[in-house]
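I opened my notebook to look through a chain from end to end. These are my entries, in the order I made them.

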Amino acid sequence: MELWVKGHVALGLALMGLLVLCQMEGSDGLRFVIDREECFSHDAKYQGDTIHVSFVVIKVDSSWHNAEDGVDLVIKGPSGEQINDIRDKTSEKFEFVVQKQGVHQFCFTNKSPYHETIDFDVHAAHFTYYDQHAKDEHFTPLLEQIAKLEEALFNIQFEQHWLEAETDRQAIVNEGMGRRATHKALIESGALIGVSILQVVLLKRLFERKLGSSRV
């Protein structure tokens, strides 16, 4: 009897683990170029769910502009109520609890004169299988393990996307800094060569004038 119970618990754990992976909603991650303002929507279907949000300003479309220009993000609920207001950020990660189910609006504002590329990610998950299985003495610890598994997988997926966006941003920043340093070195070298040539020309003319004066 004990072996039968353990076998069914193990099988239930494997099946529910697969169910966790299948029921987790994928991220609504996307990259877009913003000029002035862009708005997106996400349908939160269940009150009480936690919505995870992240964004990263990947790059600014200007070769010589190296300032940290951030963007604004305003989040509003289904009735137009303001949920969050983030100002002048190049990267942010946060979460909020759905107070009212329905469509939520996410509006970005770019106040810089340059186009900016933004990586935007919204994560939400809702699990319904807890109410679909009997919570007897054998399934209670099983459901506790599943809860820990779903939370770990959810956090890993969200964090991974955000870290990838941060890595891309840093790589572009480093590349831009290297390109600007190369351009600066070339300009300085060109200026030094120009000054050297000018000095040679002036010295040659001065020498020719002195030579002409001595002959007279």
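**The disulfide**

I searched the whole structure and found one disulfide, meaning a pair of cysteine sulfur atoms within 2.5 Å. The model is predicted, so I kept its rules beside me: local features need pLDDT of at least 70, side-chain atom pairs count only at pLDDT 80 or more, and totals for chains, interfaces and linings use all residues. Residues are numbered from 1 along each chain as its sequence is written, and side-chain values use heavy atoms, with hydrogens and water left out.

Which cysteines form the disulfide? They are Cys39 and Cys107, with sulfur atoms 2.1 Å apart. I looked up the handedness too: the link is right-handed, with 115 degrees about the S-S bond. Cys39 lies in strand 2 and Cys107 in strand 7, so the pair ties together parts that are 68 residues apart in sequence.

Is Cys107 buried or exposed? Cys107 counts as buried, at 19% relative accessibility, while Cys39 is partly exposed at 37%. I noted the cut-offs: buried means under 20% relative accessible area, exposed over 50%, and partly exposed in between, with a 1.4 Å probe and protein chains only.

**The whole chain**

I listed two helices and eight strands. Both are DSSP runs numbered from the N terminus, with at least four residues (H or I) for a helix and at least two (E) for a strand. From the N terminus on, the order is α-β-β-β-β-β-β-β-β-α. Of the 216 residues, 31% are buried.

I traced an open sheet in the order 2-7-4-5, paired antiparallel; two strands pair if DSSP finds at least two bridges between them. Strand 2 (37-44) and strand 5 (82-89) stand at the edges with a single partner strand each, so one side of each has no neighbour in the sheet. Strand 4 (residues 71-76) and strand 7 (residues 102-109) share five bridges.
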